[in-house]
Amino acid sequence: MANLLLQDPFSVLKEYPERLTQTFETPFHTCCVQFSYAGDYLAMGCSNGAVMIYDMDTTKPIAMLGGTSGAHVRSIQSIAWSRSGRYVLTSSRDWFVKLWDMKTPGEPFRQVKFGSSPWTCQWTFLSEWKCVVTVYEETHAFVVDFAEDVPHARELLASTELQEPEEEGDQKERDYGYTLVVCSHPKHTSVIITGTSKGWLKAYLVDGEKTELVCSYRFAPTNAKHIIMSQSGDRMAINSSDRTIRQYLVTVSDDLKEINFTLEHKYQDVINKLQWNSIFFSSNSAEYLVASTHGSSAHDLYLWETSTGTLVRVLEGTDEELLDIDWNFYNMCIASNGLETGNVYIWSLVISPKWSALAPDFEEVEENIEYREKEDEFDQVGQLEQQQEMDQAEEVRIDLRCRERYDVRGNEIAVDRFVVPLDYESILVLKNWHKNG
Amino acid sequence: MGVLPEWCPTYSSRKKDPVTGEEVFCICKKPDSGELMVGCDGCDDWFHFSCLKIPQKFNELVFSFFCPYCQCGITGPGASSGNLPKTLWRRKCRLPECYKPCAENSKYCSEDHAVSYMCNLIGRVESKGFDAQDVLRQMLQNSDLEKFQKMGHEGVPTPPEGLAPGLFEGDARLRDLESQADKIRTLTRPEIEQQLKKLEAYVAWVKRVNHLLFTSASEDQDGGSSSKNSRALKRKKKSTKPKSICGYHPELRIVCSAEEFAPQYNESEIELYSVCCKLRCPRHLDWAGIQETSLRFQLETLESSLERLALLQKIREDQLKMQVYKELSKSKQA
Amino acid sequence: MGQLQLNCTLRPPGSGNVLFTSAKISPDGKHVAVCEGTDIVLYDTINMSSTVVPTLHSQPLSDMCWSPDSQCIATASDDFTIIITHLVFGELHRLVGHTAPVTSLKYTFKGNILCSCSMDESIKVWDILTGTLLRTLSAHSEPVVSIDIPPFDPSILSSGSYDGLIRIFDTATGHCLKTLTYDKDWQSENGVVPISQVKFSQNGKYLLVKSLDGVLKIWDFVRGKVVRTFKSDQSNSLRYSCGIDFLYLDDEASDPVVISGTETGEIICWDSQTKQLLQCISDKHAGSPVMDISCLGAQMCSLSLNGECNLWKWTE
């Protein structure tokens with residue numbers, strides 16, 4: 001965005017937010033948050049099943065899902081925006097995973113009901129309409145295809161897994177436990193990795209209807225709580241119940257048949273021995289990892305440098321325990337919700353005004369500089385020469401049409417971003433409610 | 001402390017010109033030149049209208065005046081109490097060009113101005129074929145004061161059919177709003193009510209099954225529905241907290257009567273006719289509650305949708321009426 | 001290169017003393033809206049029928065802006081207020097806050113923020129959903145008469161003022177990011193040249209600026225350099241902020257056309273790349289200042305102070 005070109009480059013290019021700049025005092029208790037891909041909107045899932053969309057320009061709510069039929073009736077477990085910003089997935093403890101078209105947010109576009117409460121739902125890179133869902137007390141995750149009016153959910157399991165227990169009879173050598181978390185590989189789009197309640201990672205290769213279990217790896221005898229992958233797909237982090245975040249280097253062989261996890265760092269709170277509530281990577285190759293801590297005594301987000309594993313920053317400013325985290329790289333904001341109040345906190349970059357911008361020929365200097373006249377400073381420049389110079393500038397080709405492809409932070413901006421339509425009818429109804437009794 | 005407006009110099013307590021010894025006033029610290037001034041109720045100094053940027057025509061509208069220094073607490077009552085006084089104005093006559101204050105219980109300074117204001121108004125609303133005086137006479141003839149005062153309270157009046165034939169019938173948006181409301185009334189709402197009934201029937205069935213399975217004999221007899229089967233079971237089940245099976249069925253289908261179902265129950269089976277028979281079932285926890293809340297919530301939202309649609313229809317109708325009146329007055333001008 | 005050809009005359013010159021200052025093609029191309037006194041007159045571009053949409057302004061309108069979804073029109077009035085009118089349901093909001101006539105309006109592409117500028121020297125940013133003021137930007141010392149926001153980039157806002165300065169603001173913080181002016185203006189003895197119009201290129205990288213000496217310039221505003229200069233009215237005493245716009249043809253390879261209305265009723269077209277004069281139309285608008293130029297694709301709408309409104313099409 002063009003404002004970044006005109007601001008102090010050193011401030012603009014800082015790699016993580018520094019200050020708590022905003023608190024959204026939401027009308028309902030927020031339990032999860034997610035930014036739309038380009039950071040235009042923030043979706044908040046609430047404990048009563050409501051889902052609110054805030055506009056980040058006005059920092060006010062702009063839409064509420066399910067205005068005509070209700071969103072969910074139990075607490076929201078997870079939210080996922082589609083890349084274009086047009087569709088939103090929500091999973092809730094009312095057993096539903098719903099897909100919303102932001103063009104008509106009044107009622108769900110499509111929905112699927114599970115036999116129990118889903119944990120998380122996420123978009124995959126398999127195809128436009130496919131997402132993965134993990135469900136309470138289910139051994140396998142589900143791949144849901146929303147392409148049809150009645151979405152189709154099938155278990156994510158390889159044929160080999162189906163036979164295994166039969167062959168070995170009752171004594172299961174490998175009890176993986178329930179599948180709790182899942183993520184898809186951003187570069188190798190057919191690879192999906194799941195994490196289970198017994199500390200197993202399982203990587204699947206999905207090719208149409210065929211699913212293959214490429215590798216399984218036990219990272220620790222514990223419950224997996226989160227699994228995240230960097231945008232580049234090289235790094236992965238697992239948050240688990242043993243109070244540890246494990247960071248892995250992920251390498252995938254060319255034929256995708258072999259996936260290796262190399263442990264890079266373990267993050268633990270050595271003193272307080274706290275659990276981590278949620279984790280998130282910074283953009284591209286994930287140079288930073290941010291986490292929220294469990295327990296009423298901790299109110300901060302911790303930020304580590306992933307290459308060295310050192311803590312570089314503690315994001316402070318709140319008075320309560322923080323739960324979910326989302327980090328947007330377009331507006332360089334981190335959002336997190338508080339456990340007690342359900343408020344949403346936003347950390348961002350603070351760029352101070354440049355006073356020299358108020359006059360065209362001012363220049364800001366770090367400290368006082370003794371004035372020395374430059375050799376040619378007051379030379380009379382011939383009018384002719386000056387004119388020539390200006391004429392030359394007018395000969396250079398200019399492009400008044402093509403948009404810039406990337407912003408200064410390296411985010412792609414030439415993509416079309418879906419605009420949530422304004423609900424004029426609601427504005428009118430609110431305004432006229434009293435007037436017309 | 002308040003903030004002085006940008007144009008106001010900082011306070012000076014000077015009362016005399018140091019050179020001429022003349023008494024000086026106002027924020028400009030100049031002697032009285034006969035120019036229009038106003039006395040401050042806070043510090044008893046006098047101020048020029050022009051210095052304070054108050055138009056002279058507001059002369060009669062001042063109710064109680066406080067100078068900038070008193071308004072921000074440098075002088076006057078605000079300096080000690082901290083409650084900053086504000087200049088108060090009288091309401092001006094409704095006629096735009098008149099700057100006299102309103103008479104008591106009136107929006108006008110005088111009866112004359114009331115009449116000319118109304119004449120003005122009528123001049124604006126008249127339409128072709130009608131004489132302004134006629135309209136006024138008709139209005140006054142056919143209505144008493146009460147009616148006259150109520151004019152416009154019921155929203156925009158509907159223009160006579162002759163002036164705007166088929167005003168509402170031909171409007172696509174009105175038809176759309178109507179059909180939305182219709183759909184809710186005839187389709188969506190009955191459907192959800194149906195689902196709710198089904199759920200209630202099923203929940204009742206599960207209750208009955210649980211009753212047959214686990215309720216102790218005494219209660220059973222009170223219920224007056226003791227049967228062989230339940231009597232057979234009652235020996236086994238005796239606990240203070242009544243046990244119950246989960247009872248969840250994905251389609252809420254009642255496969256057989258509770259009396260038939262109960263004897264087939266066997267503690268080791270976790271499912272019977274797709275009905276979940278677990279005693280403690282965390283997986284389906286609160287399934288009935290969730291479904292009931294969801295359906296009731298949907299009914300509630302539908303009700304408010306209907307109210308909303310009715311209101312939108314009214315707003316659209318008002319807008320159509322306004323456009324008709326506007327077109328009429330325009331064609332009159334042309 | 002092609003030329004503008006008259007498609008139709010939407011309305012002939014008015015006979016009354018109503019002054020016409022703004023006419024805009026809707027983003028969906030279905031309507032042209034013209035400000036007439038305190039009303040909006042909507043012309044259907046297909047069957048040419050017209051509808052009057054009244055506003056509750058008490059003073060004439062000076063500018064208007066279509067919402068990006070073509071459902072609403074915001075109007076700026078001399079009565080210091082802005083009214084947003086929904087074309088189906090009527091008034092949505094009245095935005096009160098300016099302390100002098102409002103001169104120009106612009107929506108961001110998301111349609112939930114409206115920016116306005118006024119003779120009171122300030123720029124205000126409004127939230128459309130609630131109808132409330134988000135922030136006030138005050139950094140000019142004379143009336144601000146024109147503002148623009150690049151399509152697809154709501155992060156910046158440009159303003160042109162009678163103080164001769166063009167400023168670029170950060171919309172989110174209200175900070176001034178850049179000031180553009182001609183060096184010669186600071187040296188000149190007869191004071192600054194007031195700016196009358198600012199308009200971003202489609203990609204938001206350049207800014208077309210017109211000043212009251214009749215000169216148009218295209219600025220590379222990031223580097224603070226003028227990259228093209230065009231001259232229209234040759235006068236030092238212009239009074240009206242006559243319209244300007246870029247006309248973009250569908251052909252991706254073509255350069256946009258710069259179109260400018262003059263105070264003597266002409267419409268001038270230049271090639272933005274070569275600065276070549278492509279067309280000068282002087283047989284319309286009867287010598288009345290061309291107050292608004294509004295382009296959408298190959299379509300162009302021109303409006304003069306006397307109320308004549310023409311619809312043109314660029315043809316090769």
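Q: In which order do the strands of the open sheet in chain C run, and what is the sense of the pairing?
A: This is a predicted model. Four strands of chain C make up an open sheet in the order β6-β7-β8-β9, with antiparallel pairing. β6 (61-66) and β9 (90-95) of chain C are the edge strands, each pairing on one side only. From one strand to the next, the twist averages 20°.

Q: Over how many bridges do strands β7 and β8 of chain C pair?
A: Strands count as paired when DSSP finds at least two bridges between them. Strand β7 (residues 72-77) and strand β8 (residues 82-86) of chain C pair over 5 bridges in the antiparallel sense. A74(C), for instance, has I84(C) in β8(C) as its bridge partner.

Q: What does the secondary structure of chain C come to, and what share of its contacts join residues at least 24 apart?
A: Chain C has 1 helix and 28 strands. Among its contacts between residues at least 6 apart in sequence, 46% join residues at least 24 apart.

Q: How many residues of chain C are in contact with chain A?
A: The size of an interface is often given as the accessible area lost when the parts come together. Here, residues in contact are counted: 51 residues of chain C are in contact with 31 residues of chain A. On the side of chain C that touches chain A, β16 (166-170), β17 (176-180) and β21 (225-231) of chain C each supply at least two residues. The residues of that side comprise 25 nonpolar, 17 polar and 9 charged.

Q: Which element of chain B gives the most to the side that touches chain C?
A: In that interface, 10 residues of chain B are in contact with 8 residues of chain C. Helix α10 (residues 287-333) of chain B gives the most to the chain B side, with 9 residues. By class, this side of chain B has 2 nonpolar, 2 polar and 6 charged residues.

Q: Which residues of chain A does UniProt list for "repeat: WD"?
A: An unreviewed UniProt entry lists residues 69-104 of chain A under that name. In the model, the span is 0% helix and 50% strand, and its end C-alpha atoms lie 12 Å apart.

Key: Residues are numbered from 1 along each chain as its sequence is written. Chains are lettered from A and ligands numbered from 1 in the order in which they are written. This is a predicted model: local features need pLDDT of at least 70, side-chain atom pairs count only at pLDDT 80 or more; totals for chains, interfaces and linings use all residues. Two residues are in contact if their C-beta atoms, placed from the backbone, lie within 7 Å. Ala, Val, Leu, Ile, Met, Phe, Trp, Tyr, Cys and Pro count as nonpolar, Asp, Glu, Lys and Arg as charged, and the others, Gly among them, as polar. UniProt positions are given in the numbering used here, feature names are shortened, and annotations may be inferred rather than shown by experiment. Axes are lines fitted to C-alpha atoms, for helices over the stretch in contact, and angles run from 0 to 180 degrees between N-to-C directions.
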